[in-house]
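Open the model in your viewer and keep the sequence alongside. The stops below go from a metal site to the aromatic side chains.

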Amino acid sequence: MKFSNQLIIGLSILMISVSCKTVVTITDSSAGISVPSNNGQRHLEDISLNGKVYSALWQQNAAEFRALCYQAYNIATEIVKEKSSMQHLRPIAIVTDIDETFLDNSPYAVTQALKGKEFDQQSWLDWTSKGEAVAFPGSVEFFNYAASRNVVVFYISNRNENDRPGTIKNLKALGFPFADDDHVLLMKDTSNKEERRKQVLEQYEIFLLLGDNLSDFSEIFYHKSQAERNRLTDEHAVEFGKRFIVLPNSGYGEWESFMPGYNSKLSPAQKDSVILKNVKGY
Ligand SMILES: [Mg+2]
């Protein structure tokens, strides 16, 4: 199929989804998920909730998602190989985010959407406490390779202290190195990770950061408008694939929360309206 035809079909699907109220019917038996039901069916009539399911669909099923993970971790492996063979004045470390950088939380997003809900702290704790998230392809191998090259790994995540037991249980079960209290730095007062990065820098040289959200890399990206985020990304283009390794997350992030007009407390209908204002047709 020619690219132009694919583009037309893709845009048509997008326009149909956007112009109609998209309705997805899901049976309760799908994926063994237990959700409130109406004669065994549930309808996702909101674009925002439907979008969460579509993102999860891609994350859970697309070979291209797996390929992007391998691509990111292959590049990171090459960087670790090079940097760990060089002389350094101080011990060397890498800093990584957890969620959607190597732990797959798409089952949480799906389960919430099927209940007609998005994120909330209690349901998130219920999910993280299980310690059952699976790892992104290539991630366990990469972090163990780094450890084998005497590179220390710090996990800087905006999960909070309540999530700690489930998080460490999850990391250990999957075989991640440095899965302990000294190397898992969770959110206390602020979602800005800069202080925690500085804490690591007191003893280590950080040569690589991995994340799915730009503020996993530097404070310059933290809580910036969509226009600023795009401008700063262009300005720092050379860092990506060099010092910053980005994993794909189309389900959530500051790209969503700093979309013009967006606020997590909006009603589903208000969110749909914001989404429609932020997409282009032709
Ligand atoms: Mg993340």
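**Metal site**

Select the magnesium ion: Asp97 (OD), Asp99 (O) and Asp212 (OD) coordinate the ion at 2.0 to 2.2 Å. Donors here are N, O and S atoms within 2.8 Å of the metal (3.2 Å for Na, K and Ca), and since water is not among the atoms, sites may look incomplete. Along the chain the donors follow the spacing D-x1-D-x112-D. Asp99 sits in the loop between β3 (92-96) and β4 (103-104), and Asp212, 113 residues away, in the loop between β8 (205-211) and α9 (226-235). Helices (H or I, at least four residues) and strands (E, at least two) are DSSP runs numbered from the N terminus.

This is a predicted model: local features need pLDDT of at least 70, side-chain atom pairs count only at pLDDT 80 or more, and totals for chains, interfaces and linings use all residues. Residues are numbered from 1 along each chain as its sequence is written, and side-chain values use heavy atoms, with hydrogens and water left out.

Colour by accessibility next. Asp99 is buried at 9% relative accessibility, and Asp212 is buried at 14% (buried is under 20% relative accessible area, exposed over 50%, partly exposed in between; 1.4 Å probe, protein chains only).

**Aromatic pairs**

Now show the rings of Phe, Tyr and Trp (its six-membered ring), which pair if their centres lie within 6.5 Å; planes under 30 degrees apart count as stacked, over 60 as edge-to-face and the rest as tilted. The structure holds 17 aromatic pairs. Trp58 and Phe65 are edge-to-face, with centres 5.5 Å apart and planes at 75°. Trp58 is partly exposed at 29%, whereas Phe65 is buried at 2%.

Tyr73 and Phe143 are also edge-to-face, at 5.9 Å and 70°. Tyr73 lies in helix α3 (residues 63-84) and Phe143 in helix α6 (residues 139-148), so the pair ties together parts 70 residues apart in sequence. Finally, select Tyr73, Phe102, Phe142, Phe143, Tyr155 and Phe176, which ring pairs link into a cluster.
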